[in-house]
Amino acid sequence: MPFISNINFTEGTLVKRSLETFFGIGPKVSQSIMARFHIQPWAKVGSLKASTLLDLTAELSNMKIENDLRREIQDSIIRLKDMGSYRGRRHAMGLPVRGQRTRTQIATARKLNRTLRGGDGRLGM
Amino acid sequence: MPPPTCLRSFSQLSLDSAARASMASRARAHAQMACFSTSAARYANPVSKKKGMAQTKKGNKTLNVKKGRNTVQDTGKRPAQGERKAARKRIVLTNDNALEVATLKDMTKADVLSEANQGRVLGIPEATVDALRAVEAFKTTQGWSLFRRPATLMRKETIELAKVMKAAEDDKKTLRRVLSGERLSGKSTLLLQGLSMAFVRQWIVINLPEAQDIINAHTEYAPLPDSQPTQYTQETYTASLLSQILKANNTAENPMLEKIKVTTSPALPLALPADATLKQLIELGIVNPEASWPVFVALWQELTQPGRPPIMLAVDGTAHMMKESDYLNAEVKPIHSFDLTIIRHFIDHLSGAKSLPNGGVILAATSQSNAPSTPALDFSVQVAEARQVDPSKTPRWNPYKNIDPRVMEALKDLHSPTAKEQLKPLDVIKVGGLSKDEARSIMEYYAESGMLRAKIDDGFVTEKWSLAGMGNIGELERASVRLRI
Amino acid sequence: MARGELSRTLWSAAEGLRSAPRPQCTRTMRLPYRSLQPAARFISTTPSRSAELIKETPEPTPEPFTAAPEFQFEGEEDIEDGDMGPRGGKRSKGGNSQQSNNQLLRTLRVIPASRSYFSAKPTFNDDYLHVSALLRSVATLPTISSTEAPRVAWKTIDQYRIMTNEPVKTQRFHKMMHIVKRLNLVHPSLMPEHIKIAMRRFMKDSQPGDVVPEPQVLDQWGRARGVGRRKTSSAVVWLVEGEGEVLVNGKSLSQFFGRLHHRESAVWALKATQRLDKYNMFGLVQGGGSTGQAEALTLAVAKALLVHEPALKPALRRAGCVTRDPRKVERKKTGHVKARKMPTWVKR
């Protein structure tokens, strides 16, 4: 069972998919990481060499992902709120921040715009 | 109940005492359902749904459009991993129901390259079939499974290729040919014929069965150290290529690679025993994929030593090579196919940058069904084809098409005017339609195999020849053997 | 008779009365009173039958007025000689003749030339009587069966009504046409010329076979050209003698048509007549889909082949290559979902 950044993945998982399980890594970032370490897009975790896995772990440890990233986002929102800015208020109210309409279609804003944003996720690290 | 039914049932009741019970029960059932007036039902309030209770299904099936609801879990056994791919890629070369063709002769080493074979159907010898299987020259789309054993028609283009091979063998020339033609015109089969002739003549054969597999980023890649600009090796693919080379060229009849000793001292990351044979060298590369590329380079160096057999280097689906691959470099830019070592090796030989000192033929077959758009290759092939017809009339370059300058450079010999020679080093073999004699010959073979039940006369041959688009062999086979009505 | 024709004939009659200096009828009785301005005595307000029957095509211009032919005057030439001389010489007779002339004038009346004049549909009645008379005259001649008789496109009732300007009843018209068609059955070698002329009145202006298409010929390079259409496709084919090569829009048959069935139908005319190895074919097709294009080619090839070998026509017809299939996609109508389909009808 290969470990990437202390997370265990089954051997059959695609490297791309396993990287994208980290908060803060999407398709673009995972593609660039894999290109940097010369991993083909359809590579599976089981086929990676141990050295490559270590490299990946080292790379991920240098990146701001998971809880670090969550904390940064929450800090920014709290900063806005403490300033008493409009954006901070909107965040606190759980309403759209960037001038969208509020008559309809604010489900996403209700779900996401809160002061402790991104609170749920892989926290058991 | 409608009156006639009523009357009939009553009359039957009186007539047939045996059926009385059933009829009576049916009549009762009708009576319960029968309703002379529908108005009361229509004006009644609709039955309110009972909450919390699933509605029971009555009577007819209804269309269940929603996914995932009430779907039946099928309990059938799933195919094992890789089983479906194996079934898809399975190559069947015999048909027990087809008749043995008594007159069928095999290719022999003595006369396989002779011009007298034109228009004959020749069988492929057993050993060669195994070797061809090893280099994956047979395709699933080809009709090998229709006949008793693999046999091919020595058509005009085959003889042309045989001449090229003869010249390469005799004069130790390096001749390069691009096979082009319509869909189903037999380009891959001509490639296979070239490979089988090479096997029969005991050449070293290296075949890249499908260029797409090299560039579609399904195998590992790594930058080649000390290369400028950076090239990329494919360890797994190279290792499998080495095993394929070993399997195809080191048969029981002709253990060629076992006989040849390593004479140079290649720089390998792994130790090679002293006085090793080429077979041992290759096995080293197969066992250690990370060393496969240096092993391949060493093998090539060995094969180009003087006194070694000629080499046949072939690829199918050339167009895939002539574009950027799906691999990405460290800067997240696509890697050009020419920067992959295997493809660069092939392209160096196709473009004439490197030559084969012992003579040999480089074959590149194009495809019409699985080909990305490569304007540079298309243009080069068009120019070469036009030049064969009339050297003064060649098509002009379309400036609105986006060409790949590296491909244009590699195929320079194909589209730039060259000196008039009998056998040009790089040329196109245009695989066209069969002549009527050839068509007749192959149809007689079909008939003798029992796969075509018709009298083969001029009218029949011409009809099929015309319907197959002036002798397109794939269409001919489809029309006469596959689509028998 | 409609108002227009009546007024026209009346007008022409009045014109004849006013302007004609001499009688246009032959004299049938003595005219004692010379001093009287001689004029037409009997006026026909309908045109003469025979004149119109002989006329080949009805003219739009009003026919010249002619009176009833039986009327004849004596001494017509005297009136023509001069004004004074004859009148002066014969004045002695003047007194008597004036009296008798007055009597004559009292008995004189305008009678129509046609006996059908006072019927509701005089032209039609005249026609009917005329063809009946003609049939009586040729009733004894040998006839041929109706299948062998020359094919004639007869006028429809509407066309006849427009020609005569009379509200002819359908049944009566068909009765007359029955007679006319019987006339057509008279053996052609014995058919009198005047009956042929008479029948023209009942034929359409253009007859089937009038327009004979110019026979196609091979051009200077030995090519035959044929045009075919089917659905919304149209095809042009050039056929030369050769060995069975086929190009459609510059592509080979197998490249152009993916389905074997379409390839077969494109060259079906050649295949059905075992000519596939005798000709080379070059076709241009446009419009429609594969099936339409293939079957447009069939028709075009058949037509081109008929230029080379006209004797193949029955064989090609048996193979179904000669007839143009006129079916097309029916247009969609407003209020319909498709051409015929109606939206589902729901009460309320």
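Predicted model: local features only at pLDDT ≥ 70, side-chain atom pairs only at ≥ 80, totals over all residues.
Residues are numbered from 1 along each chain as its sequence is written, with chains lettered from A and ligands numbered from 1 in the order in which they are written.

**View 1. The open sheet of chain C has five strands in mixed pairing.**
The strands follow the order β1-β2-β5-β3-β4 in chain C, where helices (H or I, at least four residues) and strands (E, at least two) are DSSP runs numbered from the N terminus, and two strands pair if DSSP finds at least two bridges between them. At the edges are β1 (224-230) and β4 (251-252) of chain C, each of which pairs on one side only. Helix α13 (residues 290-308) of chain C lies across β1, β2, β3 (246-248) and β5 of chain C, and its course makes about 150° with β1(C), the angle being taken between N-to-C directions on a scale from 0 to 180 degrees, with axes as lines fitted to C-alpha atoms, for helices over the stretch in contact.

**View 2. Tyr160(C) lies in helix α7 (residues 157-164) of chain C.**
Tyr160(C) has 20 other C-beta atoms within 10 Å and is therefore buried (20 or more such atoms within 10 Å count as buried, 12 or fewer as exposed and numbers in between as partly exposed, with C-beta atoms placed from the backbone). Apart from its neighbours within four places in sequence, Tyr160(C) is in contact with Lys155(C), Val168(C) and Phe173(C), a contact being two C-beta atoms, placed from the backbone, that lie within 7 Å. Met203(C) is 43 residues from Tyr160(C) along the chain, and their C-alpha atoms are separated by 9.6 Å. As a setting for this view, chain C has 14 helices and five strands, and 24% of its 348 residues count as buried. Of the contacts in chain C with a separation of 6 or more, 74% come from residues 24 or more positions apart.

**View 3. The open sheet of chain B has five strands in parallel pairing.**
In chain B the strand order is β5-β8-β11-β4-β12. β5 (204-208) and β12 of chain B stand at the edges with a single partner strand each, so one side of each is left without a neighbour in the sheet. From one strand to the next the twist averages 20°. β5(B) is joined by five bridges to strand β8 (residues 311-316) of chain B, which runs parallel to it, and Ile206(B) has Leu313(B) as its bridge partner in β8(B). Helix α14 (residues 375-389) of chain B packs on the sheet, where it touches β4 and β12 of chain B and makes about 80° with the direction of β12(B). Strand β4 (residues 174-181) of chain B pairs with β12(B) in the parallel sense over six bridges, and Ser180(B) stands opposite Lys430(B) in β12(B). Strand β12 (residues 426-431) of chain B has five of its six residues buried, so it is largely enclosed by the rest of the structure.

**View 4. Helices α11 and α12 of chain B cross at roughly 160°.**
The axes of α11 (residues 278-287) and α12 (residues 292-303) of chain B come within 8 Å. The crossing angle makes α11(B) roughly antiparallel to α12(B) (over 145 degrees; under 35 would be roughly parallel, 65 to 115 roughly perpendicular and the rest oblique). From α11(B), residues including Leu281(B), Ile282(B) and Leu284(B) take part, and among those they meet in α12(B) are Val295(B), Phe296(B) and Leu299(B). By class, this contact has eight nonpolar, two polar and one charged residues, with Ala, Val, Leu, Ile, Met, Phe, Trp, Tyr, Cys and Pro counted as nonpolar, Asp, Glu, Lys and Arg as charged, and the others, Gly among them, as polar.

**View 5. Chain B touches chain A through twelve of its residues.**
Chain A gives eight residues to this contact. β6 (222-223) and β9 (324-328) of chain B each supply at least two residues of the side that touches chain A. That side of chain B has eight nonpolar, three polar and one charged residues.
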